[in-house]
Amino acid sequence: MMDLRRLAIAVVTVTVTVTVVGEFGCCSLGNVVTFDVKHKFAGKARNLSALRAHDIRRHGRLLSTVDIDLHLGGIGHPAEVGLYFAQIRLGNPSKEYYVQVDTGSDILWVNCAGCDKCPTKSDLGLELTLYDPKKSSTSSLVYCDHDFCTSTYDGPLPGCKPDLQCQYNVVYGDGSSTAGYFVKDAIQLQQVTGNLQTGYTNGTVIFGCGAKQSGELGTSSEALDGILGFGQANSSMISQLAAAGNVKRMFAHCLDNISGGGIFAIGDIISPKVNTTPMVPNQVHYNIVLKAIEVGSDQLQLSTSIFDSGEQKGTIVDSGTTLAYLPSRIYEPLMNKILSRQPALKLHTVEDQFTCCNFDKNVDDGFPVVKFHFEGSLVLVVYPHEYLFQIREDIWCFGWQNSGMESKDGSEMILLGDLVLSNKLVIYDIENQTIGWTEYDCEYPIEEVHSIFVFRLLHFP
């Protein structure tokens, strides 16, 4: 799972074990907190293979059945393998940490002092910081009999004693793993008030203190300080803030694939209003029901059974995945219909996996709009300039990927990543179990929010 935020299309098995150990080793905004979220790979070489590898690792995590899953993020431009990360402040005195923002995971965790094989530098040019609970006056241990621990692991832990810590251990199918223990400490978030003034507000959260990393998580390549999960579990930061009465269990993101920035907000989005579709219940990830696909003015003739992908029911919406992955039974008719608009177009393959073409005109004039129709009449409109990305002058590649080519377990997966989610305000209402979106200029703040923490997504030069 490399840097945890990287979605992927490979099969990765995640297992979670719990051990009990001893001590440490333009806008009208209301109560808004902002994160600076940066574009992780901006300015890096346009390595399409690295982009696909990221998605493969991510896909594997999405296919696994786990109690703790990690990652989110976003991408500014597919050809640059870009993802997003945020800066948060923890402890007292507070220190800054760069974390991946991940809708596909639950807990917040950062690498800690004394960690075995935690990266100490990042090839992204960031200064990494190890969190040290002993140097924070507001930190405290979370023990195995704490409500957080029993709730996270669905009951009391065997052998639990009052003075033993609650630990976590996550092992990924590619061999990477992270292990540590839970601590409770202050988190400082940037707040935006109604007069557009910004300041900091303090809260308290329980998060993972990483004590040991292995595999890709222990390397400096694209390393960050940790992961900030926005999953639905009670262990996520948003659930903790909601339980404390600070916010509603809602969040939104707007990822800018042009300038590589955007917005990440927690709380009640009052405006703009969006149409919504219900989430598929009892799913680990954010799944919704796809009903039909339209290319130009033609609806693809597809069996309705194709939209129910077995145990992974519905279509997964994941801002941590870069591209869009479709089963062969959808991918092939979709591409055929798109290419029918350009019968003389000559296709070629780049890096053995990307379908590309030479095209020197405006892609929005030469290719059709694709529309995904979801339950509740919610429509996701994807324009040609969004599903096509330019890798060199006049060379464009398609962001649609055939998930049937990825892995046996993922052959029927429908997964929509940042390629189709960018330039839209996407709202996740966990309380009411709905997801919705609307076209939005991600360079501008959300028009109206109430009791919200807002993370500003920034492009990392």
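The disulfide between cysteine 356 and cysteine 397 is right-handed, because the torsion about its S-S bond is about 95°. In this predicted model, the sulfur atoms of cysteine 356 and cysteine 397 sit 1.9 Å apart. Cysteine 356 belongs to strand E23 (residues 354-358) and cysteine 397 to strand E27 (residues 395-398), so the bond ties together parts that are 41 residues apart in sequence. Both cysteine 356 and cysteine 397 are buried.

**Disulfides: the overall picture**

- A disulfide is a covalent bond between the sulfur atoms of two cysteines.
- How many disulfides does the count come to? The count comes to six disulfides.
- If you number the bonded cysteines of the protein in sequence order, the pairing reads 1-8, 2-3, 4-6, 5-7, 9-12, 10-11.

**The disulfide of cysteine 112 and cysteine 209**

- Cysteine 112 is joined to cysteine 209 by a disulfide, with an S to S distance of 1.8 Å.
- This pair links distant parts of the chain, 97 residues apart: cysteine 112 is in strand E8 (residues 108-116), and cysteine 209 is in strand E12 (residues 198-214).
- Is the disulfide of cysteine 112 and cysteine 209 left-handed or right-handed? The disulfide is left-handed, because the torsion about the S-S bond is about -135°.
- Cysteine 112 and cysteine 209 are both buried.

**The disulfide of cysteine 115 and cysteine 118**

- Cysteine 115 pairs with cysteine 118 in a disulfide, and their sulfur atoms are 1.7 Å apart.
- A torsion of about 70° about the S-S bond makes the disulfide of cysteine 115 and cysteine 118 right-handed.
- Cysteine 115 counts as buried because its relative accessibility is 16%, and cysteine 118 counts as buried at 10%.

- The cut-off for a disulfide is a pair of sulfur atoms within 2.5 Å.
- With a relative accessibility of 0%, cysteine 357 counts as buried.

**Salt bridges**

- Side chains of opposite charge can pair when their charged atoms come close.
- Glutamate 96 counts as partly exposed because its relative accessibility is 35%.
- Lysine 361 and aspartate 360 bring their side chains together in a salt bridge, with 3.7 Å from N to O. Lysine 361 is exposed, with a relative accessible area of 59%, and aspartate 360 is exposed too, at 58%.
- Lysine 424 and glutamate 386 form a salt bridge through their side chains, with 3.4 Å from N to O. This pair links distant parts of the chain, 38 residues apart: lysine 424 is in strand E30 (residues 424-429) and glutamate 386 is in helix H6 (residues 384-387).
- Are lysine 424 and glutamate 386 buried or exposed? Both lysine 424 and glutamate 386 are buried.

**Backbone spots to look at**

- The peptide bond that runs from asparagine 92 to proline 93 is cis, and its omega is near 0°. You will find proline 93 in the loop between strand E6 (84-90) and strand E7 (95-102).
- Aspartate 394 has a positive phi, near 70°, in a residue other than glycine. Aspartate 394 sits in the loop between strand E26 (388-392) and E27. With a relative accessible area of 29%, aspartate 394 is partly exposed.
- Glutamine 433 is a residue other than glycine with a positive phi, here near 55°. The loop between E30 and strand E31 (434-439) is where glutamine 433 lies. Glutamine 433 counts as partly exposed because its relative accessibility is 28%.

Definitions and conventions
Residues numbered from 1 in each chain as written. Predicted model: local features only at pLDDT ≥ 70, side-chain atom pairs only at ≥ 80, totals over all residues. Heavy atoms only, no water. Buried < 20%, exposed > 50% of the residue type's maximum accessible area, 1.4 Å probe, protein only. Salt bridge = Lys/Arg side-chain N within 4 Å of Asp/Glu carboxyl O. Helix = DSSP H or I, 4+ residues; strand = E, 2+ residues; numbered from the N terminus.
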